[in-house]
Amino acid sequence: MDKIITLQIRHSGDENIVYLCKTHEIAERIIREWFTEYCSDPPSLEELEDYLWEKDIGYWEITEEVVICE
């Protein structure tokens, strides 16, 4: 079965934007592009997530979904 990576991302107070990605690396690149002003010294995604959550700046969720094409 094929899988796709789903990234739901938003700035606080905004609606989620959904990206469908082929790999986790692509999703991570999108996260860093979204929050580039907080990545001058590239933190790990865990550190970035903690900082953004703590300051109520933005959020994201990455999930893996099974794709069935018939």
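Visitor: Which residues of α2 are buried?

Guide: In α2, the buried residues are L45, L48 and L52. This is a predicted model, in which local features need pLDDT of at least 70 and side-chain atom pairs count only at pLDDT 80 or more, while totals for chains, interfaces and linings use all residues. Residues are numbered from 1 along each chain as its sequence is written, and side-chain values use heavy atoms, with hydrogens and water left out.

Visitor: What makes a stretch a helix or a strand, and what makes a residue buried or exposed?

Guide: Helices (H or I, at least four residues) and strands (E, at least two) are DSSP runs, numbered from the N terminus. A residue is buried under 20% relative accessible area, exposed over 50% and partly exposed in between, with a 1.4 Å probe and protein chains only.

Visitor: Why are the buried residues of α2 said to line one face of the helix?

Guide: Seen down the axis of α2, they fall within an arc of 60 degrees, so they line one face; the arc is that of the directions from the helix axis to the C-beta atoms. On the other side of α2, E46, W53 and E54 are exposed. The cover over the buried residues of α2 includes α1 and β3, where contact means heavy atoms within 4.5 Å.

Visitor: Which residues are buried in α1?

Guide: In α1, which spans residues 24-34, A27, I30 and I31 are buried. These residues are on the same side of α1, because the arc they cover around the axis is only 100 degrees. Among the elements that cover them are β1 (2-11), β2 (17-21), α2 (45-54) and β3 (58-67).

Visitor: What makes a set of residues a nonpolar core?

Guide: Such a core is a set of buried Ala, Val, Leu, Ile, Met, Phe, Trp, Tyr and Cys residues joined through side-chain atoms within 4.5 Å. The largest one here has 13 residues, and those with the most contacts inside it are L7, I9, I31, F35, L48, L52 and W60. The elements giving two or more residues to this core are β1, α1 and α2.

Visitor: Why is T6 called buried?

Guide: The relative accessibility of T6 is 10%, so T6 counts as buried. T6 is found in strand β1, and, leaving aside neighbours within four places in sequence, T6 is in contact with V18, Y19, L20, E61, I62, T63 and E65.

Visitor: In what order do the strands of the open sheet lie, and how do you know that they pair?

Guide: The 3 strands form an open sheet in the order β2-β1-β3, with antiparallel pairing. Two strands pair if DSSP finds at least two bridges between them, and here 10 bridges join β1 to β3, while 5 bridges join β1 to β2, so both pairs meet the definition. As examples of facing residues, T6 stands opposite L20 in β2, and L7 stands opposite I62 in β3.

Visitor: Why is the pair of W34 and F35 called tilted?

Guide: Rings of Phe, Tyr and Trp (its six-membered ring) pair if their centres lie within 6.5 Å, and planes under 30 degrees apart count as stacked, over 60 as edge-to-face and the rest as tilted. The ring centres of W34 and F35 are 6.1 Å apart and their planes stand at 55 degrees, so this pair is tilted. W34 has a relative accessible area of 22% and is therefore partly exposed, whereas F35 is at 0% relative accessibility and so counts as buried.

Visitor: What describes the pair of F35 and W60, and which parts does this pair tie together?

Guide: F35 and W60 form a tilted pair, 6.1 Å centre to centre with 40 degrees between the planes. F35 lies in the loop between α1 and α2 and W60 in strand β3, so the pair ties together parts that are 25 residues apart in sequence. Both F35 and W60 are buried, and ring pairs link W34, F35 and W60 into a cluster.
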